[in-house]
Amino acid sequence: MVVFEKPKSLTDAEFHYCPGCTHGIIHRLVAEAIDATGCEGNAVGVAPVGCAVMAYNYFACDMVEAAHGRAPAVATGLKRAMPDHVIFTYQGDGDLASIGMAETVHAAARNENITVIFVNNAIYGMTGGQMAPTSLPGQVTQTSPYGRDVKTAGYPVKVCEILRDLDGPEFIARVAVNNVKNVRNAKKIIQKAFENQIAGKGFSLVEVVSSCPTNWGMTPVKALEWVEEKMIPYYPLGVYKDRSAKEEN
Amino acid sequence: MTTEILIAGFGGQGVLFAGKFLAYKGLLENRHLSWLPSYGPEMRGGTANCSVILSDDNVGSPIVSKPDVLIAMNLPSLDKFEKDVVPGGTIYVESTLISRKVARDDVKVFYVPATELAKSIGAPTLANMVMIGKFIRESGAVSYDELDAALKKVVSARHADLLEINLKAITTGYQY
Amino acid sequence: MSEKVLMKGNEAIAEAAIRAGCRHYFGYPITPQTELAAYMAKRMPKIDGVFLQAESEIAAINMVYGVSSAGLRVMTSSSSPGVSLKQEGISYIAGSDLPALIVNVERGGPGLGGIQPSQSDYFQATKGGGHGDYHLIVLTPASVQEMADLTALAFDLSDKYRVPAMLLADGTIGQMMEPVELPAESGCTVEKPWAVTGTKMQRRHNIVNSLYLVPEELERTNIERFERYAQIEANEVRYEKFMTEDADVCVVAFGIAARVSKNAVIAARNEGIKAGLIRPITVWPFPKKAIAEAAKHVKGFVSVELSMGQMIEDVRLACECTRPVSLCSRVGGMIPSPDEVLESIKKMNGGLK
């Protein structure tokens, strides 16, 4: 009896992610959602620029590598070309909430029928730990060596809070993967974001509060504690918008 | 034969429309032709002009810098383009709005109180087509036949009720 | 033969694209190409096509990237400042070996510049524009008819070589109306096995990508791409020769500058000066051989451009500086008059007496 196996929609390629990085968990959750909805043969994923830049090697479905921040625009093109396909993006915080903010907001405003997985680890990981749009006030990074000073560097961008006020998007939620309970919930929510698209409901974004032990300068365990103590209070988990659920009530 | 025509006036005087009519008339007569508008913010309330070239041969440059024919719908246009008309060319002056005379003596000039004539047929905005009527009469550059076929190309279907009044404006100019 | 209709150059591009099977258009408003977007907005919904006004030029070109990844014909259009914004996406499209059509109805620059016609994006169009080693197939229409014909050709060449194509027009050709015989309905005839149309669980996944972190691999993709460029240079050069056989002075000009130059060449001939015109229809690949051929018998070349002198460099390279090349140009939205070109022809003709 098989009690544990790799999701079918992940390839056999070995992840390049650092020890303790939660990208691996999130990749798995996305793959499980693809498996659960049975859309692998019909799915096209869009990889970002950032730590997940090589996600195209990991997902077994067709993949496109987008320019930094442009994944929602590329996904828009793919979806408009192939309305019956399942199109998802996988993006980090610098990609989605800084350089690609316009693409994110407008894809949401158009209620583009795509699924966006947004990994928020409050840092630019791939380039070695610079301040991200989601870095917390006071957070020390390579480009905020004295801690993020909100007077000069401004405040973090709360993506779910911004997007929920748009009339466009179908589903906006924030989850975390720092403990088993949260991972289980994240799995459910990510699957729903795919189901929404398949049901033709529209733009679904799941923000996954994540950790980056390497660039935070913490052990993996300490990093998960930091998620619980610092990140989640600033980025509260929950479903921020669910239009269909609202209409059903 | 090639006729290079410059129609100039205020934005809103139907300068581009008049040019388009001539272009379609040329098309229906199997002539070679080009139509080139001025474009941009100047069109919105400022001056507008368009170049129309009708030819029996391929049209080279669509830009009319030395017009054979100038149709001046306002004073700034006459001031600006009078000097450019080729010697022996023709200037049509909208004489309701332009009180001065053409200074040159090496061009043929027709003074047409087009706005007044247009008002007299109840179509004060069609001075442009009155001028076109006069131009057709004096130049013979396009024929006076089958005007409505060309008009139908420029007057959109939803304004079909305006066909007749346009025709009347051309006729009025032709007969002036 | 279909009936001739009167159309603006910008509209002719749009209709020709639709007839070439393009059902996806993404753009952002900018003068002087807006008629193209407006035409698409009107027509696409009626033929089950997609018109989408993007949030930015950057988004528009990336939507193009998405549709092309799916293997379909797709285009965007803009004017100079907007095309600058698209350069990132164009580089990615080139680096991912995707076909696409980008239309640039040029206006004067740099910066916000003006809105009147220009050809000052020649370097950007022919020498790269975005980052990295790449070329676009660059076609330069000189009439409304060519706006239509070269649009269809651009899609074909782009699909055939997996190289993005650019239609490099200018505000004059975009705005003017001329009779045009629209091309017949066509579509893509090449297979696109690389497209991301879903694995259907029947094949390994396709990846559309321009990232190669192993230098040897990235070098190999560049070299392979340049082998295709060499084929394009060998097979796809297009130009028009006008009275060049016995010419003493050869004018080189494209687009609206060529229209003006033709008048000047005729005027020069009427004055007994043996002038001729080479009109590049592709500026990449550039008609080097035609220039080199003319260099054998002409006294010199006159490069007529709506720029401070960009194509002139290619003319000099093509004739290997064996003949003098002078520049006749106006910029900022100005267009040289036939008289100005004639003056340059005379100077070149008399210069070597």
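# Exercises: rings, charges and a buried helix

The charged end of A:Lys158 sits over the ring of A:Tyr234, 4.4 Å from the ring centre. The model is predicted: local features need pLDDT of at least 70, side-chain atom pairs count only at pLDDT 80 or more, and totals for chains, interfaces and linings use all residues. Residues count from 1 along each chain as its sequence is written, chains are lettered from A and ligands numbered from 1 in the order written, and side-chain values use heavy atoms, without hydrogens and water.

**Exercise 1.** Find the ring under the charged end of C:Lys262.

*Solution.* Start with the rule: NZ of Lys or CZ of Arg must be within 6 Å of the ring centre and within 35 degrees of the ring normal. The ring is that of C:Phe242, with its centre 5.0 Å away.

**Exercise 2.** Describe the aromatic pair of B:Tyr92 and B:Phe135.

*Solution.* Rings of Phe, Tyr and Trp (its six-membered ring) pair if their centres lie within 6.5 Å; planes under 30 degrees apart are stacked, over 60 edge-to-face, the rest tilted. The structure holds 15 such pairs over all chains. B:Tyr92 and B:Phe135 are 5.7 Å apart centre to centre, with 80 degrees between the planes, so edge-to-face. B:Tyr92 lies in strand β5 and B:Phe135 in helix α4 of chain B, so the pair ties together parts 43 residues apart in sequence. Helices (H or I, at least four residues) and strands (E, at least two) are DSSP runs, numbered from the N terminus.

**Exercise 3.** Is B:Tyr92 buried or exposed?

*Solution.* Buried means under 20% relative accessible area, exposed over 50%, partly exposed in between (1.4 Å probe, protein chains only). B:Tyr92 has 2%, so it is buried.
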